[in-house]
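Subject: Structure handover

Hello,

Here is the structure for you to look at.

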Amino acid sequence: MPEGPSVRKFQLLTSPFVGQVVAKVGGSSQKINVNDLNALRLQDSQVHGKNLYLAFAAAEGPSGPTAEETVLQKEAAAAAGSPVQGGQEQVCAPHPHPQDEELQELQHSRSEGPGNWLRFHFGLFGSVQANKFSRANRANKRGDWKDPVPRLILHFESGGFLAFYNCRMRWCSSPRADPASDILSVEFHRGQALDALRAPNPICYTLLDQRYFSGLGNIIKNEILYLAKIHPLTQGSLLAPSDLERLLDCALQFSSNWLQHKLRGQGLHPQIYQREQCPLGHPVMKGTFGPQGGFKRLTWWCPQCQPEVLPGERDTSSVT
């Protein structure tokens, strides 16, 4: 799924439309009634970690109904007519684990009531396009060259439009904002992150914990572990402070560089992610790791460049 740098770019694409009124809507989403967005004004656009938030309000001004009131009225009417089945987005996972990024987002969305903020959480190949539609760049499994279908299309009175692909949408009362955990925020709390990394858990689990590293996903995880020369299953409590400092530096620098490359239209050239060899020519290993009973993530690492530190072998040297 898109990681922090990608969602930041999505937010920048939506920003020019803030202040404009939705003239027409479309899309394939069945999780929200897209017609609720008709004639609303886009008030604000924010990004937090891997989530994009758009605020809407009635275009009539203070005297008219708010977006929240409109949505609440329509949802109440729909609920009175039929039981809720499939009208809300659900992701089911057995034995939930607090470090699962997708589960954390799901638990948050369920705890929030309806509001005037529309929350977007993007799936694999999810994206936002401004004034253009995505086109197929390869054939699907059936051999057809079918263009992706937008989940939501917002046409504005200015004549421009936004198209949202492969995303889950849900109304909420306010953005889930914790800049201290956002890896691309100037308010990111370095001390809090280092405390989390020191936990006696495999370091690759901790890096995906959105409570401390919001916006950090599987690509960033793999790349920074290679850059810091740390084995993904090494427990954070076994790593020297200098190793943890370097890993955090790699996370922040890699994320910032990736965002800048995206803004310049440049692609990512990973060193370890989905590679068969590391840059030094060593064979790369691949495994699926995750907490017991939780989500698993594909992980690539070089056994020679990233030796595992085992209990009783605490590394007290600096990474070179």
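One cut-off first: angles under 35 degrees count as roughly parallel, over 145 as roughly antiparallel, 65 to 115 as roughly perpendicular, and the rest as oblique. Please bear in mind that this is a predicted model.

H1 against H7

H1 and H7 pack with their axes 9 Å apart, at an angle of about 40°. The pair is therefore oblique. H1 crosses H7 in a right-handed sense. On the H1 side, the contact uses Pro5, Ser6, Arg8, Lys9 and Leu12. H7 answers with Ser255, Trp258, Leu259, Lys262 and Leu263. By class, that contact holds five nonpolar, two polar and three charged residues.

H4 against H7

Helix H4 covers residues 190-197, and its axis comes within 10 Å of the H7 axis. The two cross at roughly 120°. That angle makes H4 oblique to H7. The crossing of H4 and H7 is right-handed. Arg190, Ala193, Leu194 and Leu197 are the H4 residues in the contact. They meet Leu244, Glu245, Leu247, Leu248, Asp249 and Leu252 of H7. The classes here are seven nonpolar, no polar and three charged.

H6 against H7

Helix H6 spans residues 218-227 and helix H7 spans residues 241-263. Their axes lie 9 Å apart and the angle is about 130°. H6 and H7 are therefore oblique to each other. Their crossing is right-handed. From H6 come Ile219, Ile220, Glu223, Ile224, Leu225 and Leu227. From H7 come Arg246, Leu247, Cys250, Ala251, Phe254, Ser255 and Trp258. This contact has ten nonpolar, one polar and two charged residues.

The largest pocket

How much space lies in the largest pocket? About 1800 Å³. Its lining takes in 49 residues. Nearest the centre are Pro2, Leu124, Phe125, Gly126 and Ser127. Elements giving two or more residues to the lining include helix H1 (4-14), helix H3 (101-111), strand S4 (117-130) and strand S6 (161-172). H6, H7 and strand S8 (297-301) are also on that list. Which element gives the most? S4 does, with seven residues. The lining divides into 20 nonpolar, 15 polar and 14 charged residues.

Best wishes

Conventions. Residues are numbered from 1 along each chain as its sequence is written. This is a predicted model: local features need pLDDT of at least 70, side-chain atom pairs count only at pLDDT 80 or more; totals for chains, interfaces and linings use all residues. Side-chain values use heavy atoms; hydrogens and water are left out. Axes are lines fitted to C-alpha atoms, for helices over the stretch in contact, and angles run from 0 to 180 degrees between N-to-C directions. Helices (H or I, at least four residues) and strands (E, at least two) are DSSP runs, numbered from the N terminus. A crossing is left-handed if the near helix is turned anticlockwise from the far one by less than a right angle, and right-handed if clockwise. Contact means heavy atoms within 4.5 Å. Ala, Val, Leu, Ile, Met, Phe, Trp, Tyr, Cys and Pro count as nonpolar, Asp, Glu, Lys and Arg as charged, and the others, Gly among them, as polar. On a 1 Å grid over the protein atoms alone, a cavity is a set of points where a 1.4 Å probe fits but cannot get out, and a pocket is an open set with protein on both sides within 12 Å along at least five of seven lines; lining residues have an atom within 4 Å of a point. Grid points are joined across faces, edges and corners, and a volume is the space filled by probe spheres set on the points.
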